[in-house]
Amino acid sequence: MPRPIRSRSVRGATPDNIAVSAKITDLEKRRGITKYYVYVIEVTLNSGSTYKIFRRYSQFDALQADLVSRFPIEAGDINAKDRVLPALPGKIYFGRSAVREVAERRLPELNKYMKELLSLDAKISRDSDVRLFFDQTESDVLALENREKQGLNVGSSPLTTLKLLNSTASNKTSPRPKVTSAPVKTFRAKPPVPRRPSKPPSIVKGPRAKVLYPFEARTSDELSLIPGTTVSLLHRVNQDWIEGKYNLKTGLFPAGYVEVIEDLDEDEEEGEDEWDDPEPVAVIRCHCFNGIRDIEVDPAFVEKPAFKELLSLIRQSLKRQDLVMNYLDREGDLIRIKDQDDVDLMIDQSKRKLPRQLSSSLYVPWEVHATLEKDYSVYHVKDTPPRRS
C-alpha cells in the first residue's frame, strides 16, 4: 500500500504561536477536469517565522460560509449594526471565472479580507477553522516541492504584476512593467473541496479510470472505490496516488487500484489564459433559517434528482445534518419531503414564474425550503407530524 498524502497540518499556529498576518505573493494556474488559479499566500506568525500555503477562492468561500453560519451575530445576521466579520469578494456562478483577470481582480480584496480577519477578536481570529485555514499542510509542502522542481522561486518575492496589485500607491499613468519570465507549468497538489457535484458515472467524460479493486477511504480526504465503476481523474499527486471524483465526492486513491481509460494531459500547452468556458451548471435555490443559499450542481443531477442525494446535498451545503427538505404548495403552505414521491410531486407542482432576477435557464424551476427536523412550528401544527399533500 502506498503512503497516503493527507491534508493534515504540518506547520502553523499553536496556543503560543499564532498567525498574525497573511499576504498573497503569487498566482498559480492549475489543471484537472476544471481549470483554475490558486493563490500562493505567505503567512507570518507572531514569532516572526513565515511559511507558504496554497488556497483557491472556493476555500476562502467555504471558510466564510462556515464563519457566517457559526457566528450569526458577528456576521450581522441578527442585527446588521453588529457585523464585524469582513466581506469576501462575491462568488462568480456564471461566465468565465477561471481566467487570470478574475483572479487578479480578487487579489487586493482577499488580502484585505485576511488582514481584517486576523485582526478580529480571538473568538474568531483564533477559531479552530481559521487556524486550520492558515496552517501549512502536507499538500502545501508538496506544492512547494513542485515549484522548486519547476525552477519557480518559493521565496517572498512576488511576480511583478502582483507587486502592482498589492501596492498601496496608485499611479494609473505609469506603464505596466513587462513580465519577462515565461509561464511555469505547475501541478495540483492539495485536493480541494469540490465546487459542485461531478457527473454520474454513466456519463463520465474526460480523464477517467476504471476501478479494478475495492478501496475504503480511511480519512476524509480519501475516496472510496467500488470495482467496475468509473472515476474521474483530477490530478496525479505522485506515482502512487491520484486525486479523483466519483458520486458527488472527491479525494485521493491508490493509482494501482484503477486502470486508466483516458489519462490526464500533463503536456498541454501553457501560456494562454483564455481557456474553454467552464462546465455548464444548474442552480438550486434553497431557503433556510439564516437566509438564501444558491447551490451549484451538474445539470444532469436536476433532471430527476434522487431523494437521498438531494437531501445529502442540502445538508452538506448548509453544514447541518438535522435538516429536512420542504416545498411550498400552491396555497403557500410548507410540505415536508419524505421520499422520492414527494420530490417528484414538488417538481410536478413547480409551474410558477421565477422572480426576474432568477429568470435564467441556470436556475431550476423549483426551490427547496430547509428546516430543522424536529421543528413542526413551520407547518402551523403543534406536536404532530406535517401533513402530506
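Me: At about what angle does helix α8 run to β13?
Reply: Helix α8 (residues 307-318) lies across β11 (282-288), β12, β13, β14 and β15. Helices (H or I, at least four residues) and strands (E, at least two) are DSSP runs numbered from the N terminus. Axes are lines fitted to C-alpha atoms, for helices over the stretch in contact, and angles run from 0 to 180 degrees between N-to-C directions. The angle of α8 to β13 is about 110°.

Me: What kind of model is this?
Reply: Residues are numbered from 1 along each chain as its sequence is written, and side-chain values use heavy atoms, with hydrogens and water left out. Local features need pLDDT of at least 70, side-chain atom pairs count only at pLDDT 80 or more, and totals for chains, interfaces and linings use all residues, since the model is predicted.

Me: In what order do the five strands of the sheet with mixed pairing stand?
Reply: Two strands pair if DSSP finds at least two bridges between them. β12 (291-297) and β14 (334-337) stand at the edges with a single partner strand each, so one side of each has no neighbour in the sheet. The twist averages 40° from one strand to the next. The sheet is open, and its order is β12-β11-β15-β13-β14.

Me: Which residue of β15 is the bridge partner of leucine 323?
Reply: Strand β13 (residues 323-328) and strand β15 (residues 363-372) run antiparallel and are joined by four bridges. In β15, the partner of leucine 323 is leucine 372.

Me: Is lysine 319 buried, partly exposed or exposed?
Reply: Lysine 319 is found in the loop between α8 and β13. Its phi is positive, about 60°, although lysine 319 is not a glycine. Buried means under 20% relative accessible area, exposed over 50%, and partly exposed in between (1.4 Å probe, protein chains only). At a relative accessible area of 44%, lysine 319 is therefore partly exposed.

Me: What is the order of the open sheet with antiparallel pairing?
Reply: Two of its strands, β9 (249-254) and β10 (258-262), stand at the edges, each with a single partner strand, so each has one side without a neighbour in the sheet. Neighbouring strands of this sheet are turned by 40° against each other on average, direction ignored. The five strands have the order β9-β8-β7-β6-β10.

Me: Which residue of β10 is the bridge partner of alanine 209?
Reply: Strand β6 (residues 208-211) and β10 run antiparallel and are joined by four bridges. The partner of alanine 209 in β10 is valine 260.

Me: Which residue in β8 stands opposite serine 232?
Reply: β7 pairs with β6 in the antiparallel sense over three bridges, and arginine 208 stands opposite serine 232 in β7. β7 also pairs with strand β8 (residues 241-246) in the antiparallel sense, over four bridges, and a hairpin of four residues joins β7 to β8. In β8, the residue opposite serine 232 is lysine 245.

Me: How many residues of strand β7 are buried?
Reply: Strand β7 (residues 230-236) has seven residues. The strand is largely enclosed by the rest of the structure because its buried residues number six.

Me: Are α1 and α2 parallel, perpendicular or oblique to each other?
Reply: The axes of helix α1 (residues 57-70) and helix α2 (residues 100-118) come within 12 Å and cross at roughly 40°. Angles under 35 degrees count as roughly parallel, over 145 as roughly antiparallel, 65 to 115 as roughly perpendicular and the rest as oblique. The two helices are therefore oblique.

Me: Which residues of α2 are met by residues of α1?
Reply: Contact means heavy atoms within 4.5 Å. From α1 come Tyr57, Phe60, Leu63, Gln64 and Leu67. In α2 they meet Arg106, Leu110, Tyr113, Met114 and Leu117.

Me: What distance separates the C-alpha atoms of asparagine 111 and isoleucine 24?
Reply: Asparagine 111 has its place in helix α2 and counts as buried because its relative accessibility is 11%. Along the chain, asparagine 111 and isoleucine 24 are 87 residues apart. Their C-alpha atoms are separated by 6.5 Å.

Me: How far does helix α5 reach from its first C-alpha to its last?
Reply: Helix α5 (residues 138-149) has 12 residues.

Definitions and conventions
The expected span of a helix is 1.5 Å times one less than its number of residues.
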